[in-house]
Amino acid sequence: MFIDSHCHINFNCMIQHLTDVLERMRVNAVTHALCVSVDLETFPSVLEIAHAYPHIFASVGVHPGHEHARDPDVKELVSIAQDPKVVAIGETGLDYHSFKGRPVTSLEWQRKRFRTHIQAAVVSGKPLIIHMRSSAQDTLRIMREEGASAVGGVMHCFAETWNIAEAALAQNFFISISGIVTFKNAIQLQEIARKVPLERLLIETDSPYLAPVPHRGKLNEPAYLSHIGRFIALLRNIDAAHLGLATSDNFFRLFCKTGSLSPCNSVLNRI
Ligand SMILES: [Zn+2]
């Protein structure tokens with residue numbers, strides 16, 4: 001069993017085929033998925049899926065790359081996060097890569113938006129989903145300044161150095177590895193996937209992006225998480241089942257605070 005800690009199955013290209021996407025997920029033993037919000041305009045579709053399917057969870061947040069999306073305030077995020085199926089705040093963070101060519105000083109709106117999300121996470125007690133691209137030093141600094149370690153969370157689609165992974169682990173964050181790890185030239189990420197303590201590791205597809213080998217270049221979907229899980233298990237020289245159980249347990253510990261394999265029972269019972 002594997003759990004997809006980050007996907008976007010509410011995107012148009014996926015929601016049109018949602019029944020098939022969920023069926024292939026089941027067949028490939030991907031038991032649960034977290035459908036991650038990228039802006040408030042499309043958040044209702046994230047929540048709708050999470051309410052319709054017990055094994056799909058939701059987050060609320062505005063992606064750092066969506067410059068023209070409406071900015072939430074702390075109160076609004078906290079209020080939305082009270083929904084029992086909303087298990088995290090994000091995705092949020094800093095993405096300087098998407099704005100390269102622009103001076104970093106002109107991206108203050110991103111840093112302000114990021115601080116708002118961390119403050120909302122701290123108030124609501126829900127963990128953060130952090131997107132960090134070409135921005136590691138500022139991301140880690142703002143996490144520290146806003147006290148993100150109080151709620152923790154996940155560095156999603158991690159693709160930085162081991163030193164940066166260690167700095168995130170020290171701030172009470174999990175490291176989530178995507179299908180990039182299966183790419184031939186991803187030597188540094190493969191090393192990180194080997195070294196992250198098993199109890200702090202998550203796996204994700206980030207679908208519809210970043211399909212793993214052997215589907216590289218095609219539309220990604222949660223079912224393909226099994227390729228990522230098996231690849232990382234091989235790297236770590238453990239059974240795929242062992243990796244699946246450990247990362248699933250991590251998922252529930254982080255997002256449902258159950259610390260066991262009961263799939264967010266306390267959450268589901270309240271719906
Ligand atoms: Zn994402």
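## A walk from helix 7 to the zinc site

Let's start at helix 7, where strand 5, helix 6, strand 6 and strand 7 (173–177) are among the elements that cover the buried residues. Contact here means heavy atoms within 4.5 Å. Helices (H or I, at least four residues) and strands (E, at least two) are DSSP runs, numbered from the N terminus. This is a predicted model, in which local features need pLDDT of at least 70 and side-chain atom pairs count only at pLDDT 80 or more, while totals for chains, interfaces and linings use all residues. Residues are numbered from 1 along each chain as its sequence is written, and side-chain values use heavy atoms, with hydrogens and water left out.

So which residues of helix 7 are buried? In this helix, which spans residues 162–170, they are Ile164, Ala165, Ala168 and Leu169. They sit on the same side of helix 7, because they cover an arc of only 140° around the axis. That arc is taken from the directions from the helix axis to the C-beta atoms. As for the words, buried means under 20% relative accessible area, exposed means over 50%, and partly exposed is in between (1.4 Å probe, protein chains only). Just after helix 7, Asn172 takes a positive phi of about 75°.

Just after helix 6 comes Gly147, with a positive phi of about 70°.

Now for the strands. Strand 5 covers residues 128–133, and five of its six residues are buried. Strand 4 is mostly covered too, with 10 of its 10 residues buried. Strand 4 (residues 86–95) and strand 5 run parallel and are joined by five bridges; two strands pair if DSSP finds at least two bridges between them. You can pick out some partners by eye: Asp95 is bridged to Arg133 in strand 5, and Leu94 has Met132 as its partner there. Strand 5 also runs parallel to strand 6 (residues 153–155), with three bridges between them, and Ile129 has Val154 in strand 6 as its bridge partner. Strand 4 has another parallel neighbour in strand 3 (residues 56–60), again through three bridges. There, Ser59 stands opposite Ala88 in strand 4.

How do the helices link these strands? Strand 4, helix 5 (residues 108–124) and strand 5 make a right-handed β-α-β unit. Right-handed means that, with the strands pointing away from the viewer, the path from the first strand over the helix to the second runs clockwise.

Next comes the metal. Which residues coordinate the zinc ion? They are His6 (NE2), His8 (NE2), Glu91 (OE) and Asp206 (OD), at 2.1 to 2.8 Å. Donors are N, O and S atoms within 2.8 Å of the metal (3.2 Å for Na, K and Ca), and water is not among the atoms, so sites may look incomplete. Along the chain, the donors follow the spacing H-x1-H-x82-E-x114-D. The arrangement is irregular because the four donor atoms subtend angles of 84 to 175° around the zinc ion. For comparison, four donors count as tetrahedral if all angles lie between 85 and 135 degrees; four count as square planar and six as octahedral if opposite donors are over 155 degrees apart and all others between 65 and 115; anything else is irregular.

Glu91 lies in strand 4, and the peptide bond from Gly90 to Glu91 is cis, with omega near 15°. Asp206 is in the loop between strand 8 and helix 9, and is buried with a relative accessible area of 8%. Phi of Asp206 is positive, near 55°. Most residues other than glycine have a negative phi, and most peptide bonds are trans. In that loop you also find Pro208, joined to Ser207 by a cis peptide bond with omega of about 15°.
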